[in-house]
Structures are given as structure tokens and as C-alpha cells.
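Welcome to this short tour. Open the viewer, keep the selection tool handy, and follow the stops in order.

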Amino acid sequence: MSLIRRPSCLLPAKGTDLFKWSVIACDQFTSQPEYWERLEQIVGDAPSTLSLTFPEVYLDKRDKQQRAVSIRATMREYIDNGALVRHDGYILVRRVTRSGKERLGLMCEVDLEEYDFSPSSTSLIRATEKTVTERLPVRVDIRDGAALELPHIMLLMDGGKDFMRELDLLRGDVLYDTELNMDGGHLTGYALSCDAKIDAYLSSLSMPSAFTAKYGTEDGIAFAVGDGNHSLATAKVCWDKLKRELPSDRLKGHPARYALCELVSLHDASLEFEPIHRVVFDKAGEFAEYARSRLGGESSVKAYACGRVLPLSVPSDAAAAIDAIQRVIDDYCSISGCATDYIHGARDTMDIAASCGGTAIIMPLISKDDLFRSVITRGVLPRKSFSMGEGKDKRYYMEARLIDDSVSLRAEEIDL
């Protein structure tokens, strides 16, 4: 059984302006349309992953179906006109954030048959946070019929920091290298030619003996979703739908059975967990009083509304506190009809609440050292429990992958 395999990626062709090609993950800055407007000005008409992805800031717009059709058409255009070239093999990704922190990642394909995002999952590849199934249909509509996938999924392994450093010593040719737009830092990708070594190490992470040594139980997790949970869940839903229509001889090798991910070590020093804060758009700040009467515990978090700072009592356990706060938010929004958003960075959260007339809730932080054990023992965490860094540090799109086996690149565009 192979949970993860060597990827077949599509990279921008030589001569592409990578500064315009690579853009931030689509689920960032969802309450800041000005970010995306500025990015559109930077990109202009140049080939870009901005034309291949759907920024979630626009998901509620009336033209979302038209956007999805345009994305699928642009994918075909890039395939047909040679904008993408194929690279088969693992890729070592080096990301340097705007603050100078360096993160190493490994591009790979994950088998969706070995992944389950349900709350009761015992699969070897699991979600760390609750998947909101109501959020999936619109994403499924966008992916359904698309020829390509572009990943912002970051998969975590509980270990591997030294292994990633070893891969850094074995790196080969530079495949891409660019400064990132919108203050995103720098991104470099290197070819790797040590497949057997990588395969052996990744296989060792799924052994029951490894789980027993780490967690005291054979019911362990080999890989956990850190970022892009709903993106991977969407890929899973689309595959489950597609495989019901396929003959048995096409199931094993079909490209849609796999999803392209960046695999990172949970213990990478640059991988800092951040809380994801909430803004409730209640206009007059009534939510804080509503929450104060329904929350309780030994610890507290702060809510900011209409120029006031209001402490909210919550449980001392971070996961329990996040769960309690989220339940109260959901109840309030279902009664009031108010919307809510999830923001990276306390200052941005307070600024958005102040400018839009809402309540900002500054959330507690879950320790990354407890992540795998917590998911194993208590199940998936509440949705939006943590973030791996701030918005600008999130994954930028660079690589793509064919998921439609009826589409192929021109022969002369196969090799880099």
C-alpha cells in the first residue's frame, strides 16, 4: 500500500514571468477584496495561476458560474498553447517568508482512497479540523470538469525534520525560482532524484510500530492535513463521484484518484501555528453580550466591539475553548442571520471588525506539538482551529497537475 507517490507536475514554461504566475492560496484574504483587486492589477493579462483558481472572496458573487467556466477554458488554453510543461519526479520546495523564515516542503501525490475527512475517521490520512460539508458543493462545481488541479494543500508528517534537511543536501537542478508578489517572500523548487530513499522513508511513517512508539497506540495517523482541508475534501468528493462511473480497470491508475500536495514536517522550525480569529458581522456589537451569557470556564479570550474590550470566559483547554466559541457563533448567526469570517492576524481581525461594524473574537492557540495526539485521542478539531502562519505566508500556487485522463500535453512540451 502506497499512501504517497512520486508526482507528475506541470510547471510554467520557460520564459514565464513567475512573479505574475504564482499567487496566494484562494482561501486567503476573504474579507479583503482590495488585496485581490491589487493582485489583478499586478498580473494583468499575463499567464497566471490567478486565472486557474477561484479566490473565495468571490464565492458569493452572482457571476461565480461564469468564473468557473472561464477557469476551465483557461486551463485548456494553457495546455494547448504550451504554457505548461511536464516534470515527473519529487520536487523539493524552499519557501522563504517575508520575515526571513525558511520552510522546506516536498511535492507529492496523495492517494485519495487512503484519506477520509469524516469526524470518525481512522484512516491513515486524516483531516485535523472539522470539514464543513456545506462548503463543498460550490467547490465541487468548480473542480468538476476541470482538466487541472492546483494545490494549496499542505500535508503534515509528525517527524521528518532531519529527513527534509537531508533532501536539501541532495537537491538537483532548479526548476523555478522567483520573488513572490504581494509581499509573499521567495519560492524555489529543486528536482530530486532519490525516489527510493523518499518512498522508503514515507512508507515507514505508516507502520503500526511507528504509531506505538509515538502515541502508545497502533491507531495512528501517517499524514494529517494542515492547510487546504476543504480543497482536499473536494478532491475526495469528486473522486468518489467519478469512480462510480469508471470501469474497474481504470480505477487504480486514474489521475483523479490522487491529489497534489506539499508535504512538510510538523516540526519544521519555520512552521508556526497561529490562531484563526473570528469576526461576527453584527453591526452593533450584540454578539459579545450574547456570548458572555453562554460561555464559561477557567480561562478567557477578548472580544472587541464598538470600541469596547469584553473578556469572554472559556475552558482552559484550547481545543475545548475553540469548540465552545464556535458553537456560540453558529447559534447566534443562525438566529440573527449575521455572517462571520475567519481572519489570520489579531490586528487584521480588529481592523476588519471596526471597519465593518462587527465583533472581533481573538482566539486561543493550539500547540502544534499536541496536534497529532489530540486528533488521535479526541477526533478532529473544530473547524478553523489553527493556521500554519499568517495569510501572506500561506502556500502560493506554482505547480499544476492533470486530473483528466482524456487530456494530454503536446508531445514537444513533455520534458523540461
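Along the principal axes, the C-alpha atoms fill a box of roughly 65 × 55 × 45 Å.

This is a predicted model, where local features need pLDDT of at least 70 and side-chain atom pairs count only at pLDDT 80 or more, while totals for chains, interfaces and linings use all residues. Residues are numbered from 1 along each chain as its sequence is written, and side-chain values use heavy atoms, leaving out hydrogens and water.

Next, select Asp341, in strand E18 (residues 340–344). Asp341 is buried but has no salt bridge. Here buried means under 20% relative accessible area, exposed over 50% and partly exposed in between, with a 1.4 Å probe and protein chains only; a salt bridge puts a side-chain nitrogen of Lys or Arg within 4 Å of a carboxyl oxygen of Asp or Glu. Which side chain of opposite charge is nearest to Asp341? Lys384, 7.1 Å away (Lys and Arg count as positive, Asp and Glu as negative; His and the chain ends are not counted).

Now show the salt bridges: the whole structure has 36. Select Asp168 and Arg171, whose side chains meet at 2.8 Å, N to O. Asp168 counts as buried at 15% relative accessibility, while Arg171 is partly exposed at 36%.

Move on to Arg250 and Asp405, a salt bridge of 2.6 Å, N to O. Arg250 lies in the loop between helix H8 (229–243) and strand E13 (258–265) and Asp405 in the segment after strand E21 (401–402), so the pair ties together parts that are 155 residues apart in sequence.

In helix H9 (residues 286–292), find Glu289 and Arg292, three residues apart and separated by about one helical turn. Their salt bridge spans 3.8 Å, N to O.

For the last stop, select Arg5, Glu109, Arg143, Glu149 and Arg401 together: a network of salt bridges links them.

Notes. Helices (H or I, at least four residues) and strands (E, at least two) are DSSP runs, numbered from the N terminus.
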